[in-house]
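User: Could you take me through this structure with a few questions and answers?

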Amino acid sequence: MDTFLAAVQQRSLAASLPPSEPRDACCEKYKQIFVLRNRNDKAAVDELIALFHSTGSVLLRHEVAYTMGQMQRIDAVPFLEGLLTDEAEDPITRHEAAEALGAIEAPESLDILARHAADAASEVSETCGLALAQLNYQIAKGVCGCERRPQEALRREGLVVDETEEEAAVCSRRPASPPPPPTTPIYTYVSPAPAAKAAPLSELRQRLLDRQQPLFERYRALFAIRDMVPAEGLGAVNALCECLATKPEEESALLKHEIAFVLGQLEHPAAGDALCDAVKREEEHGMVRHEAAEALGAIGSQQAIDTLRQYSDHKVEILRESCWVALMWLD
Ligand SMILES: [Fe+2]
Ligand SMILES: [Fe+2]
């Protein structure tokens, strides 16, 4: 579907949609998105688009966009570009569309990302800036999406090593590396930025917290700290929690939502307090509260379950729905 038509259809359908999903329908559709993500074929993209149009839920709509990015399907690009340009769409969904375009790493998206790097919605402008930095980084290394997509398929089959390594010769096929030691976490998702080179934790923490640094560099520090958790344990988790705890008016909601997401990946029990606090902060951005709720679902402690139950009726729709979904995964 061409971009303009997609945008028009989205707008007209969004206007006629019910304001919120009932709990069971929301959880069912969320599960369906995961099924389609694993299928990862052209028909799955079409079904994701149909699912998108069936709901007014920002949680589900942004999850569709996120999933398309993780699938790295070039045939999703026109739909995602339509979302990014549609100012009637929720900024959280538009942010996820921009992030997905960055994850697909299609050089043809550079123009649209550059245009929206000055978008009025900070969630959108910051994400476009990040996606541009990521694309330019990959292009400078000689690996844009054209090479990376088949590379990713090979990686899944174990034929090449993970290309997030700073020095990886990503364009060449290489034999599988030996299995990593058990303490090395394996993240199969496409990050919005590569991890920074290994450095002392104190240095990376400083870079993460430094608001003078470009967001791309702060993201890179975040992923480097994440990768240090097996070795550094609590110190690394605390550095992430410290940034998550920053007052909403003083820190980028985008960075904080990514930290909450990463804490969910890590499933480290020491992050429980910081994630519960993020869920409970009424002045916090819905995007951050949503990721914090889903991360609590991954941690699954009694404290996490109690908080998720407590916020399952909350007036903020994306928070309420995230609590439902997190509790569903725990059942
Ligand atoms: Fe996001
Ligand atoms: Fe999300």
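User: At what angle do helix α5 and helix α6 pack?

Analyst: This is a predicted model, in which local features need pLDDT of at least 70, side-chain atom pairs count only at pLDDT 80 or more, and totals for chains, interfaces and linings use all residues. Residues are numbered from 1 along each chain as its sequence is written, while chains are lettered from A and ligands numbered from 1 in the order in which they are written. Helices are DSSP runs (H or I, at least four residues) numbered from the N terminus, and axes are lines fitted to C-alpha atoms over the stretch in contact, with angles from 0 to 180 degrees between N-to-C directions. The axes of α5 (residues 77-85) and α6 (residues 91-104) are 8 Å apart, and the two helices pack at an angle of about 145°.

User: Where does α11 bend?

Analyst: Helix α11 (residues 215-232) has 18 residues and reaches 24 Å from its first C-alpha to its last, close to the 26 Å expected at 1.5 Å a residue, where the expected span is 1.5 Å times one less than the number of residues. The bend, taken as the angle between axes fitted to the seven residues ending at a residue and the seven starting there, is about 30°, and a proline, P230, follows within four residues of the place, which is R226.

User: What share of the protein's residues count as buried?

Analyst: A residue is buried if 20 or more other C-beta atoms, placed from the backbone, lie within 10 Å of its own. In α11 the buried residues include Y219, L222 and R226. The protein has 17 helices and 0 strands, a strand being a DSSP run of E with at least two residues. Of its 331 residues, the share that count as buried is 46%.

Definitions and conventions
A residue is buried if 20 or more other C-beta atoms lie within 10 Å of its own, exposed if 12 or fewer, and partly exposed in between; C-beta atoms are placed from the backbone.
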